[in-house]
Amino acid sequence: MATTATAGAPRTSRTDRTRPRLLVAGRFAVLLVGAFLALVPFYSMVIGALQEERDTTLLGMLPLPGNLTLENFAGVNDSIDLVQSLLNSLIMTAGVVGCTLVLGLMVGYALSVLSFRGQGLVFALVLLVQAIPFQLLMVPLYVMVVRYFGLADSYLGMILPFAVNSVAVLIFRQYFLQIPRDVFDAARIDGAGELRILVSVAVPLVRPAILTAMLVTFIGPWNEFLWPFLVTKDATMQPLAVSLANFSQANSTFQENPMGAVLAGACVLAVPAVVLFLLFQRHFTSANLGSAVKG
């Protein structure tokens with residue numbers, strides 16, 4: 001005998017069951033539109049770099065097989081030393097990222113774990129640096145780096161102004177604050193010094209922060225144009241962004257389709273940042289910071 005529903009029990013109507021599905025579908029549609037709009041400029045850059053004849057109409061967004069070519073990339077390589085420019089960008093970016101990680105980890109650890117006089121003032125200065133645009137500091141930095149230190153046309157001159165990243169310091173500080181203090185106290189009881197604690201205990205627990213800081217820091221110097229343009233006048237020392245701005249107009253490919261050549265160079269500049277993000281995106285999850293402490 002079939003059981004009957006309890007009298008007075010609430011019944012779920014078809015409308016109530018459909019409403020959550022419509023809400024999920026609406027959110028998915030909004031996110032899909034946002035992702036499409038975000039990818040349109042990148043798609044347009046790639047298509048423009050592959051076009052033999054530049055088509056600025058709406059139909060030009062479609063990849064027509066007869067109008068696709070790799071000559072724009074070959075033209076960029078003929079006009080500038082692409083390998084040397086990429087190497088210069090890589091050296092500058094690696095130097096900035098390395099300095100940012102080492103100095104950022106040490107400063108973030110000191111501001112979150114250690115106790116010393118003037119700690120609050122140092123943290124306030126870190127916040128103040130974020131409020132000052134780099135363009136306001138460019139002239140005094142140029143005078144110091146080029147005239148006082150004589151670091152023009154050198155990798156150190158390009159790296160030095162970006163060696164300390166206040167954003168990375170704040171990222172590391174916030175992650176270190178989430179680590180239970182018992183972890184550091186236990187290491188001190190075992191006789192470990194602060195540097196040993198930082199390297200062996202703290203750093204493994206904040207790997208998501210390190211990967212995030214690497215990606216955030218990488219994008220800046222890799223695409224930096226203005227500061228290397230001011231510091232380097234030697235073409236063999238210029239990173240790719242500066243070399244692309246100074247490319248020669250003598251090549252026939254550039255004369256026929258100059259915008260395609262520029263977009264080809266932009267693709268070369270953008271690919272490493274995209275690849276790095278795709279490799280690291282699955283690691284941008286918070287680690288179980290409390291797992292190092294026995295419950």
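Start with Tyr109, Phe172 and Phe176. In this predicted model, these three touch the most other members of the largest nonpolar core, which has 44 residues.

At least two residues each come from H1 (14-50), H3 (82-112), H7, H8 (181-189), H9 (194-205), H10 (207-223), H12 (240-245) and H14 (258-280). Pick out H14: its 10 residues are the largest share of the core.

Now centre on Phe176. Which residues does Phe176 contact, leaving aside neighbours within four places in sequence? Select Leu105, Gly108, Tyr109, Ser112 and Val113.

Move on to another core, which lies apart from the largest one.

Last stop: show H4 (residues 119-131) together with H7 (residues 166-178). Their axes are 9 Å apart, and the helices pack at an angle of about 135 degrees. Angles over 145 degrees would count as roughly antiparallel, and 65 to 115 as roughly perpendicular; H4 and H7 are therefore oblique to each other. Their crossing is left-handed.

Show the side chains at this contact. On H4, select Phe123, Val126, Leu127, Val129 and Gln130. On H7, select Ser166, Val167, Val169, Leu170 and Arg173. Colour them by residue type: seven are nonpolar, two polar and one charged.

Technical notes: Residues numbered from 1 in each chain as written. Predicted model: local features only at pLDDT ≥ 70, side-chain atom pairs only at ≥ 80, totals over all residues. Heavy atoms only, no water. Axes fitted to C-alpha atoms, helices over the stretch in contact; angles between N-to-C directions. Helix = DSSP H or I, 4+ residues; strand = E, 2+ residues; numbered from the N terminus. Parallel < 35°, antiparallel > 145°, perpendicular 65-115°, else oblique. Left-handed = near helix turned anticlockwise from the far one by under 90°. Contact = heavy atoms within 4.5 Å. Nonpolar A, V, L, I, M, F, W, Y, C, P; charged D, E, K, R; others polar. Core = buried A, V, L, I, M, F, W, Y, C linked by side-chain atoms within 4.5 Å. Buried < 20%, exposed > 50% of the residue type's maximum accessible area, 1.4 Å probe, protein only.
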